[in-house]
Amino acid sequence: MDRLIQGYREFRARRWPAEHAHYAELAKGQSPQYLVISCCDSRVDPATIFGVRPGELFVLRNVAAIVPPYEEGGGYHGTSAAISFAVLALEVRYIVVLAHAECGGVKAALDRSLAEPLPFMSEWIGLLAPAVARCSHDRGNRQFAVEREAVRLSLERLMSFPFIAERVRADTLALHGARFGIADGCLEVLDHKAGEFRPVT
């Protein structure tokens, strides 16, 4: 905890004097334009990658940035609840599914034995099975291929949410996919027309 307290003190001493007026505005409410669905990996921070200020992104993080299929009924739907809040309450204009290189969740999807000792993990990682199957004949780096395919899969599942599909058709909501390279800092964005990831130059 000491490291976090020290960081807070530095924030108060260095950033707060310049940012307190911005935070005062944010205290009145939030109106982010972007929902970013990202992995909870500690090396991948959407706010840092996209260089944004507090209040610009509504960030949903889970293992491997997975969007589950749309479901109704009982159970705990934390990811779906956050998506519905962002779209219906905050009325975001963009949803970005952000994958990253060397994703541990994807590694576990490729080698299910990695998830077996961890409670809840096997079922969650199982949601990536269609992405793994689509890359079964990939001759390149299969890890990287599944990372990209998982983004496509999550975008497809987002369109299974009726309130998202309705807004996409009305052109009031746009869906995007991206992948961040930890080692090289390269951001790839999914070109919807070509169906390929293109590096941002």
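Analyst: Let's start with the largest pocket. Its lining residues divide into six nonpolar, four polar and two charged. One thing to keep in mind: this is a predicted model.

User: How much space lies in the largest pocket?
Analyst: About 370 Å³.

User: Which residues line the largest pocket?
Analyst: Pro68, Pro69, Glu71, Tyr76, His77, Gly78, Thr79 and Ser80 are among them. Phe120, Glu123, Trp124 and Leu127 also line the pocket.

User: And which elements give two or more residues to that lining?
Analyst: H3 and helix H5 (121-125) do. H3 gives the most, with three residues.

User: OK, H3 then. How does H3 pack with H8?
Analyst: H3 covers residues 78-89 and H8 covers residues 162-169. The two helices pack at an angle of about 35°. Their axes are 10 Å apart.

User: Is that crossing left-handed or right-handed?
Analyst: H3 passes H8 in a left-handed crossing.

User: Which residues meet there?
Analyst: From H3, they are Ile83, Ser84, Val87 and Leu88. From H8, they are Phe163, Ile164 and Arg167. By class, this contact has five nonpolar residues, one polar and one charged.

User: Let's switch to the sheet. What is the strand order?
Analyst: The order is E2-E1-E3-E4-E5-E6. This is an open sheet of six strands, with mixed pairing.

User: Which strands stand at the edges?
Analyst: Strand E2 (57-62) and strand E6 (196-199). Each has a single partner strand, so one side of each has no neighbour in the sheet.

User: How are neighbouring strands turned against each other?
Analyst: By 25° on average, with direction ignored.

User: Take E4 and E5. Parallel or antiparallel?
Analyst: Antiparallel, over three bridges. E4 spans residues 174-180, and E5 spans residues 187-191.

User: Which residue in E5 stands opposite Ala178?
Analyst: Val189 does.

User: Back to H3. Which strands does H3 touch?
Analyst: H3 packs on the sheet and touches strand E1 (34-39), E2 and strand E3 (94-100). The direction of H3 makes about 170° with that of E2.

User: What about H7? Which strands does that helix touch?
Analyst: H7, residues 142-158, also packs on the sheet. This helix touches E1, E3, E4, E5 and E6. The direction of H7 makes about 165° with that of E4.

User: New topic. How many cavities of 30 Å³ or more turn up?
Analyst: A search of the whole structure finds one. About 70 Å³ of space lies in the largest cavity.

User: Which lining residues are closest to its centre?
Analyst: Ala64, Ala65, Ala99, Glu147 and Ala150, out of 14 residues that line the largest cavity.

User: Which elements give that lining two or more residues?
Analyst: E3 and H7.

User: And the lining by class, what does it look like?
Analyst: The lining of the largest cavity has eleven nonpolar residues, two polar and one charged.

Note on methods: Residues numbered from 1 in each chain as written. Predicted model: local features only at pLDDT ≥ 70, side-chain atom pairs only at ≥ 80, totals over all residues. Heavy atoms only, no water. Axes fitted to C-alpha atoms, helices over the stretch in contact; angles between N-to-C directions. Helix = DSSP H or I, 4+ residues; strand = E, 2+ residues; numbered from the N terminus. Left-handed = near helix turned anticlockwise from the far one by under 90°. Contact = heavy atoms within 4.5 Å. Nonpolar A, V, L, I, M, F, W, Y, C, P; charged D, E, K, R; others polar. Pairing = 2+ DSSP bridges. 1 Å grid on protein atoms, 1.4 Å probe; cavity = no way out; pocket = protein on both sides within 12 Å on 5 of 7 lines; lining within 4 Å. Points joined across faces, edges and corners; volume = space filled by probe spheres on them.
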